[in-house]
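Here is a short note to read with the model open beside you. Take the points in order and find each residue as you go.

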Amino acid sequence: MGIISKDFSFGSLPAGKRDLITDVPGVKVGHVTLSDGSVQTGVTAILPGPGSTFRQKFPAAVHVINGFGKSAGLIQIEELGTLETPILLTNTLSVPACLDGLISYMLADHPEIGTTTGTVNAVVGECNDSKVNDIRGRHVTAEHALEALHNVSEEFAEGAVGAGRGMKCFGWSGGIGSASRLVELDGKTYTVGALLLTNFGRKNQFVICGKKAGEEAHAAEEDYFSRDTGSCMMILATDLPLSSRQLKRCAHRAQNGLARCGAQTGGGSGEIVIAFSTANRVPHDGTETVHTAQYLHEDLLDTVFTAAADCVEESVVSSVFHAETVTGRDGNTLEAFFAGR
């Protein structure tokens, strides 16, 4: 649990109780971390809310800032504007294993899938952790994905855990970062939360609250792993009643939070945002000829945009601040930001 905003100022909006994405009511997160020699990887699961995600879907949107990624399930969210499964995060070559686990998870509780109705759009995001992880070994299994789903809770760790175990952010150990912001509208308090899987940037780019926090890159570091060839998966959640179109507008603002931290969005870096709302759940069956829902007025979105950007900014920094030093494949090491400071 982070709450680093007590020591640093990431905008003016207040943070939620935990300063995590799980401040959005109903959202839960779980990890499985694999840490054994050259195996430094894992799975992170985001459960968007209670009950069946398939029978009662969540309004959702996707925004691709730079498409150098191998995620699954994004096209259908883009087309239909709904999320119908939990979201799993892992390393690049473990997407198929996590898809297998997530599909099994959904089939277990939904006998109608593939029989009396269509199939299921399982959603998995990824980043490349091959600097310290034996990614070719594909050590993540479908069982690990199921375990992460069963581990979900309102409390969860940040840093080099779960899918973030072997990730590098601005040259240091990175991984999972999260934050939340409270938005008051018409006398009611709503929450916007973010969870990031950070794996991008170079040391000389890192900015914390407007101040350079990195160091100059040396010529000797100019290899594949020192270039901006990583990625960042960003999950935005809110209990605000937003349409899929409004969620996509919020997802666009995630780039503002990345930019505040010094991100350059390199050509080989994949930055993808998935945004969903826990309000106005959408029934799978067509028993309602007209589905009625209320949505936030467009003129009130500016504060929501600010909250999304602030959450993303803090989540980047939080992923680095919470990460420990990780040593893995071939003795390669990702040093913790605070190591030796």
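1. Start with a term. Two residues are in contact when heavy atoms lie within 4.5 Å. By that rule, and not counting residues up to four places away in sequence, Met234 touches Ile65, Leu195, Leu196, Ala254, Leu258, Glu271, Ile272, Val273, Ile274 and Val312.

2. Know the source. This is a predicted model, where local features need pLDDT of at least 70, side-chain atom pairs count only at pLDDT 80 or more, and totals for chains, interfaces and linings use all residues. Residues are numbered from 1 along each chain as its sequence is written, and side-chain values use heavy atoms, with hydrogens and water left out.

3. Now the cores. Buried means under 20% relative accessible area, exposed over 50%, and partly exposed in between (1.4 Å probe, protein chains only). A nonpolar core is a set of buried Ala, Val, Leu, Ile, Met, Phe, Trp, Tyr and Cys residues joined through side-chain atoms within 4.5 Å. The largest one has 45 residues. Phe206, Met234 and Leu258 have the most contacts inside it.

4. Which elements build this core? Helices (H or I, at least four residues) and strands (E, at least two) are DSSP runs, numbered from the N terminus. At least two core residues come from each of β3, β9 (175–185), β10 (188–199), β13, α4, α5, β14 and α6. Helix α6 gives the largest share, eleven residues. A second, separate core has 29 residues, including Val24, Val123, Met167 and Phe276.

5. Look at helix α4 (residues 244–252). Gln246, Leu247, Cys250 and Ala251 are buried there. Down the axis of α4, the buried residues fall within an arc of 150°, so they line one face of the helix. The arc is taken from the directions between the helix axis and the C-beta atoms. These residues pack against β3 (56–67), β13 (231–238), α5 (254–260), β14 (270–277) and α6.

6. Compare helix α3 (residues 142–150). Its buried residues are Ala142, His144, Ala145, Ala148 and Leu149. They cover an arc of only 160° around the axis, which puts them on the same side of α3. Exposed Glu143 and His150 sit on the face turned away. The cover over the buried residues includes β1 (28–36), β2 (39–47), β5 (87–91) and α2 (95–109).

7. Finish with Cys311. Is Cys311 buried or exposed? Cys311 is buried, with a relative accessible area of 0%. Cys311 belongs to helix α6 (residues 301–322). Beyond its neighbours within four places in sequence, Cys311 contacts Ala179, Ser180, Arg181, Val192, Gly193 and Ala194.
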